[in-house]
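Visitor: I would like to learn how to read a model like this one. Could you take me through some features, one at a time?

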Amino acid sequence: MSGGIPLIERAGEQGDRVALLDEAGEHLFSELLVAARKVAGGLLQGRRDLQEARIAFILPPEADYVATLWGIWMAGGVAVPLCTTHPAPELEYVLKDTQAEAVVVHPSFQEKIREAGGQLQLRMLPSGRWADAEPASLPCIEMGRRALILYTSGTTSRPKGAVSTHRNLQAQIRCLIQAWAWTPQDRSLHVLPLHHTHGIVNALLCPLWAGAVCEFSAGFDARQAWERFMAGGIRVFMAVPTIYSRLIAAWDSASPDEQVKMSQACRSLRLMISGSAALPVSAFEKWKQISGHSLLERYGMTEIGMALSNPLHGERRPGTVGRPLPRVEIRLSGEDGRPIEGEGRQGEIWVRGDNVFAEYWQRPQETREAFCRGWFRTGDVAVVEDGYYRILGRRSVDIIKTGGYKVSALEIEEMLRTHPQVQECSVVGVEDPEWGERVCAAVLPRTGCSISLDQLRSWAKKRMAVYKAPSALRVVQNLPRNAMGKVMKPEVKKLFENPLDESDNHIL
Ligand code: MLC
Ligand code: AMP
C-alpha cells in the first residue's frame, strides 16, 4: 500500500532492517512506513487523493522528516521542505508562493511558523501527532506527478520553486546508485540541510533507496563529525567544500596523536564526495594527505540533480567534475546555442534527461527561458579536457555560491535598499578560502546616516537567510558606474580586494 512509488515500495521490501539513526535511536524501514501511512491518513482526512496539494513541512533531521515526506507522497501531495534556520519572512515567501494547503511543524518551530503563516489560509499540523488509524486506501501515483518543490535563487530577484516529478527524482536517485555503487551494506553520515537537493536526494533518498543506513546528525559540527568517524562504521560521507575546509581546520588543530587516529578512521570509509561548489585543488590535496581519500567531486544543480561526476573507480582529477553520469545527456553550447564540439573550447553546460526538473512553480515564462530545444541551460560555463569537465564559472555575476548555498545578489540588493539608512548598494560574491565566495555589500548611505557591518547583518538576518546576510561591508560615497549609469560589478569586487576583515567597513 504505497501508491506505486518505487522508493517507498523498495522500503517495503526492506522490512525490519534499520533505515535511519537519529537522536532517538534506530528506525526500521517498516516503522517509517507505518508512520508515513499515518501522516498520509492525517493529511487526507477522508479525501481520496491530495491531487498535488502543496504540503510544507519544517522538521529537524529525524525519522519524522522521512515519514512526513513519504506520507505526503503517498497521499498524492507535493512536498515542500522548509529550511529550519530561515527567519519568518523567508518561510512566509515559500508558504505563499506554493499556496501550501498545510504545514507540518515540529514543536520547536511552531512560533516561527505562526509568525510566517499567520496571515495565510494554512492548516498547521503538529508533527508526530497523527491519529493511529491508517487510511483505507491510497491514491495510485503516476510517475509524471509533481513530487517536490525546492526553492532556488537565480538571476531573478526572488527564489523560484523548482518542481521535480516522481520520475525526475527516481532518475536522479538511480543514476547515483549506479555511479557510486550504493549497497545495503553502506552506512552514511548525514550532516547537510534538508531543504536542498544535496541533502535530500544525494544524502538521504539514495541510502533509503539502496536499503543502506543513514545516520542523521543535528547539523554539522567538525569535532562531532570527526568523533563519529573515529567511532567506526561510517562508509559514505558527502559534503560541500566549506565542510571539508572545517574538517581540515579541526584536524590541523588536533594533537599529533589525535591526528593519527583521525586519519586512520577515514580509512574505513569507502567513499567521500564533495559537491555543490568548486573544491579548491589545495583542499583536494590536503584532504588526500589527511585521509588517504581522493575526494570524488561531482557537479549538480537543484533543477537537474547530479549531472557530472568523477569516477568511483579510476582517476579522480582535482579541479574537475568528471564526466556525464549514466543516462544524463550533456552538451556545451556557444552563445548562439550551437553545440561546441571538441575539447578545450568553453561553452555553457546544457542538460537533458529524465533527471531534469519539470518547471518553475507557476512561472511559465522563466521555465520557457530556462530551456532551449528540450535542453536545460544551467548558466554554468565549462570546458572539456581529456574527457573531464572543468567548471570555469557562471554566466551571471549576480549568482553567488557561499558555503554551498546559491544566493542572488539582486535579491539581497533589493532587500538592502529597504534599509532606512541605505540609499544605494551593490552586492557581489568575493572569493573566500572558507566559504568559496562571501556575500559582500558596497553601500552608499543616505545623507547624514552611518552604517556598520554589525547593524546591517543583524537587520538582514531578521529578514533573510543567514547565508544571504552580507559578511563584509564597504561604505562608499559613490558606486562605480559605467557611462550608461550601470554599476560595474568587477569594480565593486575590487573594493574588497584587501584581505577581508569582518570589522573593516571604513569609508573609502
Ligand atoms: C553562515 N555564516 C556565514 C555563512 N553562513 N558567514 C558567511 N558566509 C556564509 N555563507 C555565519 C553565521 O552568520 C554565523 O555567524 C556563523 O557563520 C555560524 O552560522 P551557522 O549557520 O551555524 O553556520 P554553519 O552551521 O557553520 O554553516 C556552515 C555550513 C552550512 C557549511 C555547515 O553553510 C551548510 O550546511 N552548507 C551546505 C549548503 C548545502 O547543502 N548546499 C547544497 C545546495 S544544492 P554569526 O556571526 O552570524 O553568528 C546544490 C546542488 C548540488 O548546490 O550540486 O549539490
Ligand atoms: P543550486 O542552485 O543550489 O542547486 O546550485 C547549483 C550550482 O552549484 C551549479 O549551477 C553550480 O554553479 C554550482 N556547483 C555545483 N557543484 C559544483 C562543483 N562541483 N563545482 C563548481 N560548481 C558547482
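Visitor: Which residues come nearest to ligand 2?

Guide: Start with the cut-off: a residue is near a molecule if one of its heavy atoms lies within 4 Å of it. Ligand 2 has 15 residues around it, and E297, R298, T302, D380 and K401 come nearest. This is a predicted model, where local features need pLDDT of at least 70, side-chain atom pairs count only at pLDDT 80 or more, and totals for chains, interfaces and linings use all residues. Residues are numbered from 1 along each chain as its sequence is written, chains are lettered from A and ligands numbered from 1 in the order in which they are written, and side-chain values use heavy atoms, with hydrogens and water left out.

Visitor: What distances separate oxygen atoms of ligand 2 from side-chain atoms of T302, D380 and K401?

Guide: A polar contact is a pair of N or O atoms within 3.5 Å; within protein, one must be able to donate a hydrogen and the other to accept it, and residues adjacent in sequence count only if both atoms are side-chain atoms. For D380, a side-chain N or O atom is 2.4 Å from an oxygen atom of ligand 2. For T302, a polar side-chain atom lies 2.6 Å from a ligand 2 oxygen. For K401 the distance from a side-chain N or O atom to a ligand 2 oxygen is 2.9 Å. The protein buries 94% of the 500 Å² that ligand 2 exposes when taken alone. Such areas come from the Shrake-Rupley method with a 1.4 Å probe; for residues, only the protein chains shown count as cover.

Visitor: Which element gives the most to the shell around ligand 2?

Guide: Elements are DSSP runs numbered from the N terminus: helices (H or I, at least four residues) and strands (E, at least two). β13 gives the most, with five residues.

Visitor: Where does the shell around ligand 1 come from?

Guide: α7 (197–210), α9 (241–252), β13 (296–301), β22 (399–402) and α14 (453–461) each supply at least two residues. In total, 25 residues surround ligand 1, and the closest are S276, R298, K401, R457 and K461.

Visitor: Is H198 buried or exposed?

Guide: Buried means under 20% relative accessible area, exposed over 50%, partly exposed in between (1.4 Å probe, protein chains only). H198 sits in helix α7. H198 counts as buried because its relative accessibility is 5%. Its side chain makes a polar contact with the side chain of S276, at 2.7 Å.

Visitor: Which residues of helix α5 are buried?

Guide: An α-helix has 3.6 residues a turn, so residues three or four places apart point the same way. In α5 (residues 110–117), I113, A116 and G117 are buried. They cover an arc of only 80 degrees around the axis, so they lie on the same side of α5. That arc is taken from the directions from the helix axis to the C-beta atoms. E111 and E115 are exposed, on the other side of α5.
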